[in-house]
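Below is a walk through one protein model, from a ring-and-charge contact to the division into domains. Keep the sequence and the structure side by side while reading.

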Amino acid sequence: MYRPSIKEVAKKAGVSISTVSRVLNNSAPVSESLRKKVETAVKELGYLPSNIAKSLRKGKTKTIGFILPDITNPFFANIVRGAEDYLRRKGYALILCNSDQDKEQEIQLLETLISKHIDGLLFTGTGSFNSLLVEKIKKGLKVVFLDRIIEGINSSYVVIDNMKGMNLLLDFLVKSGHRNFVFINGNKETFSAKIRYEAFIEKMKKENLKYKHYFTNFSYEAGYKFARKMKIMPDVIVCGNDLIAYGVIDAIEEMGYKVPDDVSVTGFDDIPFSKHFKPPLTTVRQPMYKMGEKAAELLLKIIEENKFLNKGMVLEPELIIRNSTKEMVK
Ligand code: RIB
């Protein structure tokens, strides 16, 4: 796309480049006649000052990067909505990047965002340690981890109390008579799957219950594929997130089982579709919009105060009981 240069503006106005720059940046007094000449030339040429150049001079681009692992998961879409609404109100733009839960892609996206001179980064990582991120944080990149903390990297974060969310769900399932559990969990390298695993094992051992646990990944396909291989149904299949639960329910109903009559199924997140699923899903609600909003607020605080903050925010989960679970006959 042709973009007239500041040199062409100066030539057309019959002034020096520094005069054009003074008029455009209001950086020093200019006579009214010279100002008029420059403004007329800018208008006639359709000249647009380079925002990047202007921003870099100010040391700020008012742009925030956001790297997340799965743009197709409504959980992340709702988080992004909360972050973007807040940033827009504060005059910041958001550059959204999808790592597809792939470490190499995550590194490339981080390099791209750095090259765009972002003012800060919202980061929901694939889970494994990212040495490039550590290097950038050491060089002053402002980061807030959202939903997933990366062990070994010091940074502010906004997560929910995953342990509490799992215990609310498991207490409900034990109280409603479930004794034989299978947990089809998400990606084992992720913070959220790890904490949910720990809560599950602790509860199973404490209540002396029959259980099996499997790490898969946070997707419909993972739930569907795994459930199709199941030969015997437990009392309940606990799923690492709602998408896994959707895949599990579809698979076991194709196999002739009824949910919850033959087996209860639960999810985690409470993405918008879960109350409309067949049957409506019992799950743990994460305050997705608020997570995004609070993370964006924390990041702008760090940027505007220009200081490293190691502040953690842990938001509350909520148990949502629907029709995919039943009262077991004692
Ligand atoms: O649905 C995606 C899952 O991974 C969510 O439970 C969230 O916690 C993320 O970590």
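A charge is said to sit over a ring if NZ of Lys or CZ of Arg is within 6 Å of the ring centre and within 35 degrees of the ring normal. In this predicted model, the ring of F268 has the charged end of R196 over it, 3.7 Å from the ring centre.

F75 is buried at a relative accessible area of 3%, and F76 is buried at 4%. Another pair, Y214 with F226, is tilted, its centres 4.6 Å apart and its planes at 45°. Because Y214 belongs to strand β7 (residues 210-215) and F226 to helix α10 (residues 220-228), this pair ties together parts that are 12 residues apart in sequence. Y214 is partly exposed, with a relative accessible area of 29%, whereas F226 is buried at 16%. Elsewhere, F181, F183, F200 and Y211 make up one aromatic cluster.

Now turn to A83, which is placed in helix α5 (residues 74-89). A83 counts as buried because its relative accessibility is 0%. Leaving aside residues up to four places away in sequence, A83 touches F66, L122, G292, E293 and A296. V23 is 60 residues from A83 along the chain, and 36 Å separates their C-alpha atoms.

As for the overall layout, the protein is divided into domain 1 (6-49), domain 2 (61-160 + 288-315) and domain 3 (162-286). Between the C-alpha centres of domain 1 and domain 2 there are 39 Å.

Methods
Residues numbered from 1 in each chain as written. Predicted model: local features only at pLDDT ≥ 70, side-chain atom pairs only at ≥ 80, totals over all residues. Heavy atoms only, no water. Helix = DSSP H or I, 4+ residues; strand = E, 2+ residues; numbered from the N terminus. Buried < 20%, exposed > 50% of the residue type's maximum accessible area, 1.4 Å probe, protein only. Contact = heavy atoms within 4.5 Å. Domains from an automatic or database assignment. Phe/Tyr/Trp six-rings, centres within 6.5 Å; stacked < 30°, edge-to-face > 60°.
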